[in-house]
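Here's a quick tour of a protein model, written for someone new to reading structures.

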Amino acid sequence: MLKLEARPEASKVMSVMSPVLALAVTVVIGTVLFVLLGKDPMRGLYVFFVEPVKSVYALTELAVKATPLILIALGLAVCFRSNVWNIGAEGQFIVGGIAAAGVAMTADKETGRWIVALVLLAGVFGGMVWAGIVAFLRDRFNANEILVSLMLVYVADQVLGYMVYGPWKDPAGFNFPQTITFLKSTSVPKLFPGFRVNIGLILALIAVAAFWVLLFRTYAGFQLQVGGLAPAAARYAGFSSRRALWTALLLSGGMAGLAGALEVAGPLGQLTPYVPAGYGFAAIIVAYVGRLHPVGIVFSAILMSMFYIGGELAQSRLGLPKSLTGVFQGLLLFTLLACDTLIHYRVRWQAARPAPPKPAAAALVSTAAAATTERAA
Amino acid sequence: MGSITQDSLRLELVNISKQYPAVKANDSVNLRVEPGEIHAVLGENGAGKSTMMKMIYGAVRPDEGEIRWNGQAVNIRNPQEARALGISMVFQHFSLFDTLTAAENVWLGLDKSLTLAEVAQRMTKVEQEYGLEVDPQRPVHTLSVGERQRVEIVRALMTKPKCLILDEPTSVLTPQAVDKLFVVLRKLASEGTSILYISHKLDEIRALCHNCTVLRGGKVTGTVDPRLETNAGLSRLMIGAEPPQLQHIQARLGDVVLAVRGLTLPKEDHFGMNLSDIRFEVRAGEILGIAGVSGNGQQELMAALSGEDTRAPASSIHLFGKDISNHSPRRRRKEGLHFVPEERLGRGAVPTLSLAANTLLTRTEAVASSGWVRTKDVTTLAQELIRRFNVKTGGPDAAAKSLSGGNLQKFIVGREIHADPKLLIVSQPTWGVDVGAAAQIRGELLGLRDKGCALLIVSEELDELFEICDRLVVIAQGKVSPSVATSQATIEMIGEWMSGLWNKTVAKETDHAEA
Amino acid sequence: MESFALLLAATLNAGTVLAFASLGLLINERAGIVNLGAEGMMLVAAVAGYATAVHTGSDWIAFAGGAAAGALLAAAFGVLVIWLNTNQYATGLALSLFGAGFSAFVGIRYTQEKLSERPRFEIPFLSDIPLVGPALFRQHPMVYVAIALTVALAWFLYRSRAGLVLRSIGESPESAHALGYPVRRIRLLAVMVGGALCGVSGAYISVVYTPLWVEGMVAGKGWIALALTTFATWRPARVLLGAYLFGGVTMLQFHLQGEGVQIPSQFLTMMPYLATIIVLVLISRNATFIRVNMPASIGKPFFPGS
């Protein structure tokens with residue numbers, strides 16, 4: 001029978017291979033799913049893994065999707081490493097978008113391009129405030145950050161709804177729930193004409209480097225990680241768990257807010273009820289599959305973007321529902337967690353042990369059992 | 001005694017072996033226990049005693065060999081089967097549930113068929129018979145450590161065991177309580193119960209046990225009658241040599257380094273202990289030892305001194321005359337106060353991080369003021385500690401959890417000693433550490449003291465405290481006794497003080513003085 | 001007065017949804033396992049229950065279908081968390097994310113499907129009592145089942161030996177293991193029962209509460225149910241009361257909208273979620289109180305070998 005045996009030291013090979021293995025398992029399950037749905041699995045895999053990288057345009061679209069995922073996942077990586085469970089990045093994303101929209105709508109025909117910086121900063125600030133509520137309630141009242149941050153996602157969604165159905169509704173918008181289309185001057189500068197990818201990508205790559213330095217070369221990063229790995233050791237060392245809490249939440253809130261601002265002032269160009277695209281939740285998966293490591297996150301963000309785009313293509317080309325994306329993403333995280341076991345454990349075949357003469361043992365145990373019942377009576 | 005035939009043995013282990021991934025915990029081990037015999041299993045930490053017991057108790061299966069019960073081979077698959085045979089175990093770390101009552105705890109340890117009320121009744125009878133009084137209706141978290149052990153023992157006794165296994169039972173008892181336990185055990189043995197007594201305390205084994213199997217590195221090095229052996233002889237079997245002797249020089253006292261006065265601190269944890277008006281001093285060049293049974297406030301006192309707990313009342317803790325009562329651990333370290341906690345993995349070191357990274361917990365010389373960490377300097381420091389303190393490990397990149405207990409402790413103690421502290425506080429310096437490493441650590445502590453550092457040691461091992469400390473105090477129920485020079489203290493006296501009775505001794509001395 | 005009576009009745013109805021889920025979560029948390037996948041399990045169970053009702057026409061088989069779906073997902077979660085020792089929070093999250101995607105995927109086929117005519121349940125005469133009549137006697141049978149379940153669970157936890165064993169595992173799986181109890185198997189059972197009850201709750205939502213299927217229709221009730229177990233300090237009776245309280249808050253928003261109160265609808269919709277935050281804050285303020293009542297091993301991995 002199969003047995004799990006603890007490894008004396010964590011396997012570095014498996015640390016890298018585990019996401020690959022998880023992906024392989026997900027692909028296998030996906031193939032089975034395609035067949036069950038009556039579609040050609042090869043076409044399905046093609047749509048998910050080849051089409052999104054086929055052309056320059058496809059690659060830039062990949063970048064457009066990956067940018068918010070990278071930004072949010074970097075912040076979440078810091079959170080999860082510190083054992084702060086920020087599940088509400090989606091809400092911080094939304095509030096960042098709302099704040100950004102608010103600033104964007106103050107622009108008029110004379111405003112210069114500098115307003116973009118302000119718009120993005122507003123997004124960061126909005127996300128930080130929303131995450132700050134979670135930090136405050138945890139710090140002051142010991143309220144569980146998982147549930148509070150999650151509840152705030154629903155609240156943020158409602159606030160967005162209120163704004164676009166109410167005070168910010170475009171009077172010339174035929175009563176659709178949406179704001180005005182922002183002026184050209186407020187839109188995030190694109191990198192190349194004709195493609196949607198914008199400076200958000202540059203920001204994301206800079207952030208990857210910055211977060212790497214933070215986590216692995218600064219004392220602050222070391223303190224955060226120790227806080228997550230061994231809270232008693234952090235206390236012994238004198239690392240402030242309160243500072244870790246606020247740092248992790250404000251950082252991740254700011255990143256999520258930035259992503260929201262980039263989305264609203266970039267591809268969307270206005271505020272609608274459909275701003276929350278689930279990036280805040282997908283980023284959780286990106287963070288984990290990326291091993292909570294800035295470089296790994298880049299790869300996993302690309303992978304997840306492929307799932308997104310593949311899902312859209314599967315809908316238009318193969319007539320499959322877009323929600324397939326969600327299934328694959330969830331499945332990937334699930335299989336990753338299972339495969340991660342191999343980092344700390346080995347799988348061994350254990351031959352059945354030769355049993356001593358059966359009748360004697362059985363007789364002994366049953367006599368003893370009878371004796372016990374006798375004694376207890 | 002007559003010839004020992006195979007059939008007259010209660011329990012026998014024949015060529016038992018158990019292999020774990022990194023180590024062969026038991027290698028062709030043999031054990032023979034007669035009915036009514038108190039049989040010691042002696043060995044230092046890591047010798048394989050607990051693995052052997054786990055196999056007898058059914059928690060672990062042997063890879064090779066045979067276990068025989070009353071002459072017949074048996075296959076013990078789980079603790080329930082062991083209990084059915086009549087084997088019962090009292091653990092070193094209690095298997096008790098804090099939020100449940102003593103009776104409920106005992107009930108869970110029995111195999112069905114009795115109601116809770118019946119269990120409570122029978123408990124009282126057993127308690128009275130053996131002198132192990134505990135109120136069945138009290139929740140376990142309100143019991144002292146000694147009382148909790150009584151619950152464990154009563155739970156074992158209620159299964160009417162033919163073989164009772166006790167794992168290091170006296171580490172949580174005062175010397176007086178140890179004597180009382182021995183009375184209980186002798187009574188049980190006289191009734192025909194076999195007792196397996198696991199310990200590394202030579203004096204106890206020689207006083208109590210009829211027979212002794214010595215383990216070293218997973219193998220049996222000898223089976224002797226401890227009543228006929230000396231400590232040196234047993235020690236030779238246990239570690240292959242005589243216990244190492246430490247050099248003592250006369251203490252050269254300097255100024256008062258640590259002054260604690262009026263330290264009263266309410267407990268932080270619901271299950272903790274309040275500290276009450278604690279007062280003592282430590283001078284440069286001396287070692288002050290704090291003796292006491294675990295659970296009497298040591299944890300809380302250590303946290304207050306190390307800075308993990310900053311709630312101490314103002315002016316209750318002074319370092320070189322400066323009030324540090326509310327300082328953080330980092331600030332205290334800057335002032336020269338370093339601390340080694342009793343938990344190595346998880347508190348003194350982060351298990352999954354490398355030794356190099358673990359130096360950063362308390363040593364920040366390699367961190368620039370900007371916060372940038374110079375990884376090269378961090379590695380160099382770790383290498384220096386490994387070399388200087390003789391730490392057996394793969395290198396500075398080895399994960400902390402890959403080291404043996406003794407080597408990790410050498411590293412952690414070394415990390416703090418190397419920081420050139422003015423005051424070093426160490427909690428349980430050699431707990432769970434092999435004899436060789438323990439001797440080295442004690443030698444290092446003495447060396448530090450000879451150089452003029454002040455040291456404060458908390459330990460549950462009285463022998464250790466008597467060996468290296470210049471003065472002793474005792475902590476009991478959150479209060480600390482007056483201090484006494486080690487040379488003028490006796491084990492009996494400290495034992496009494498551990499029950500909080502130091503006023504009696506002081507009063508007696510005053511009487512003598514006046515007489 | 002009439003509208004108040006209906007509000008009361010609706011409160012019990014809404015509270016029943018939360019009660020089933022939260023009681024299920026209470027069971028596995030008492031064993032020391034926290035399952036953040038509640039929302040995902042409820043979503044999948046909702047679509048499973050709905051589909052079953054559409055195909056079989058029977059509500060009761062639908063509840064069974066929902067329970068089975070919940071138990072199955074919980075079993076997958078349980079194997080990962082209990083035997084492979086994966087992080088409980090991350091695995092539960094994965095389950096919720098997967099459940100959201102999977103239920104949306106499977107549910108597409110049922111978005112336009114309608115269920116057969118919904119039966120009305122009422123006890124004659126008694127249900128006409130003013131004020132409390134509708135609330136107490138004009139309810140779906142599952143409302144009464146939830147109350148009975150609460151009583152049974154309380155008895156189980158505090159008066160039976162099996163319940164004592166479960167509580168002891170939740171406090172210290174190491175000690176329970178040392179005493180010879182099959183800790184992992186009991187925990188898996190607890191997780192699966194918890195999942196089954198979350199499944200019943202999910203099926204209730206789609207078959208009784210709002211008889212239709214819409215993507216994401218659970219709308220956070222799984223998370224609220226999680227908060228409820230903490231709020232109720234893991235006691236069945238308090239869970240039921242808390243469930244009714246939240247049910248009331250949820251129903252209040254409809255009531256207020258109906259009364260023509262001039263608050264934007266979004267702020268009314270927010271109410272249950274804000275209420276959850278407020279309640280969490282109030283109950284968590286006293287950290288010691290929580291720690292004393294909480295099963296001590298929640299969230300921590302258990303290694304029987306050590």
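B:C163 is buried, with a relative accessible area of 0%; buried means under 20% relative accessible area, exposed means over 50%, and partly exposed is in between (1.4 Å probe, protein chains only). Keep in mind that this is a predicted model, where local features need pLDDT of at least 70, side-chain atom pairs count only at pLDDT 80 or more, and totals for chains, interfaces and linings use all residues. Residues are numbered from 1 along each chain as its sequence is written, chains are lettered from A and ligands numbered from 1 in the order in which they are written, and side-chain values use heavy atoms, leaving out hydrogens and water.

**Cysteines**
- The closest cysteine sulfur to that of B:C163 sits in B:C209, 13 Å away, which is too far for a bond.
- Over all chains, the search turns up 0 disulfides (a disulfide being a pair of cysteine sulfur atoms within 2.5 Å).
- A:C79 counts as buried too, because its relative accessibility is 0%.

**Confidence**
- Chain C has an average pLDDT of 89, and 98% of its residues score at least 70; pLDDT is the predictor's confidence in each residue, from 0 to 100.
- For the model, ipTM is 0.88 and pTM is 0.88.

**Nonpolar cores**
- The largest nonpolar core has 203 residues, and A:I70, A:I72, A:F80 and C:W223 touch the most other members. A nonpolar core is a set of buried Ala, Val, Leu, Ile, Met, Phe, Trp, Tyr and Cys residues joined through side-chain atoms within 4.5 Å.
- There's also a second, separate core of 60 residues, including B:L143 and B:V224.
- Leaving out residues up to four places away in sequence, C:W223 touches residues including A:L147, A:Y154, C:L36 and C:S96 (contact means heavy atoms within 4.5 Å).

**Helix α6 of chain C**
- The expected span is 1.5 Å times one less than the number of residues, and helices (H or I, at least four residues) are DSSP runs, numbered from the N terminus.
- Among the buried residues of α6(C) are C:M142, C:A146 and C:L153.
- The buried residues of α6(C) fall within an arc of 105° seen down the axis, so they line one face of the helix; the arc is that of the directions from the helix axis to the C-beta atoms.
- Exposed C:V151, C:W155 and C:R159 are on the face turned away from the buried side of α6(C).

Definitions and conventions. Helices (H or I, at least four residues) and strands (E, at least two) are DSSP runs, numbered from the N terminus.
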